Amino acid sequence: MAESQQVGQVSDRIVIAEGVHVVLRRSARARRMTLRVPRDGTDPVLTLPLRVPLAEGQAFALSKSEWLRQAQARIPQPRRAEAGVAIPVAGRALTITPADLRICRIEGDALLVPQGRPVAATVQAFLKHLAISALRPACDRHAAALGRDYRAIALRDTRSRWGSCSSDGRLMFSWRLAMAPPDVLDYVAAHEVAHLAHMDHSPRFWAAVAGLMPDWRARRDWLRQNGGDLMLWRFRD
């Protein structure tokens, strides 16, 4: 095999010599091999069923190397949260504007941030505050409607999912939902709360989601079409 086609495994990655690095994941739920290119600019992900040999996964990744390069080239470049940049906040584009104040504040079409503080980190902290302030009452409302209790809510900066629900009733959400329209955030809250009753994506689960939010499909579609753009934002000064 020519050097340009050699493939080797490094930790949890498959490295294709042409320069394409693929993250390798095993899944008990996967029924076939899948290859996904995240819109946040991170490495492509190859998911393998548990019984598929690694060599077969390597060959599959290698056969898709040209497609991977083309797909990665189409991904928009990450955006940095900095002064003068318009960033989505609750579905609205707000211009990050340093100002003489002590805490962040929305004023018109501007997101005012305290002058002299690290802009990106300050904006990130503000978004986390918005996220938990909106998610907690949303989860309380949906849990009450469902007749189920949850144990806790946590925020993470996840790349593969917007939320999750553990078997012991702990809810986790991406704080980047604060950038999405409020009704989209509300849908994710309803989705995860519905898992308190059904820990799967069965028809009963989707019926529970519909009971909490009849128009859930439109909100899910927004997230599928636009969620990748929210992942492109970087919050390091």
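Author: Keep in mind that this is a predicted model. Arg141, Asp186, Asp215 and Arg219 are joined in a network of salt bridges.

Reader: How many salt bridges are there in the whole structure?
Author: The search turns up 10.

Reader: Is Asp186 buried or exposed?
Author: Asp186 is buried, because its relative accessible area is 14% and the cut-off for buried is under 20%. Arg141 has 44% relative accessibility and counts as partly exposed.

Reader: And what about Arg219, which residue does it pair with?
Author: Arg219 forms a salt bridge with Asp186, with the closest N and O atoms 3.8 Å apart. Arg219 lies in helix α6 (residues 216-231) and Asp186 in helix α4, so this pair ties together parts 33 residues apart in sequence. Both Arg219 and Asp186 are buried.

Reader: New topic: what does Arg151 meet in a salt bridge?
Author: Its partner is Asp168, at 3.4 Å from N to O. Arg151 is in the loop between α3 and β11 (152-156), while Asp168 is in the loop between β12 (163-165) and β13 (170-174), 17 residues apart.

Reader: Buried or exposed, that Arg151?
Author: Arg151 is exposed, with a relative accessible area of 56%, and Asp168 counts as partly exposed at 33%.

How values were computed:
Residues numbered from 1 in each chain as written. Predicted model: local features only at pLDDT ≥ 70, side-chain atom pairs only at ≥ 80, totals over all residues. Heavy atoms only, no water. Salt bridge = Lys/Arg side-chain N within 4 Å of Asp/Glu carboxyl O. Buried < 20%, exposed > 50% of the residue type's maximum accessible area, 1.4 Å probe, protein only. Helix = DSSP H or I, 4+ residues; strand = E, 2+ residues; numbered from the N terminus.
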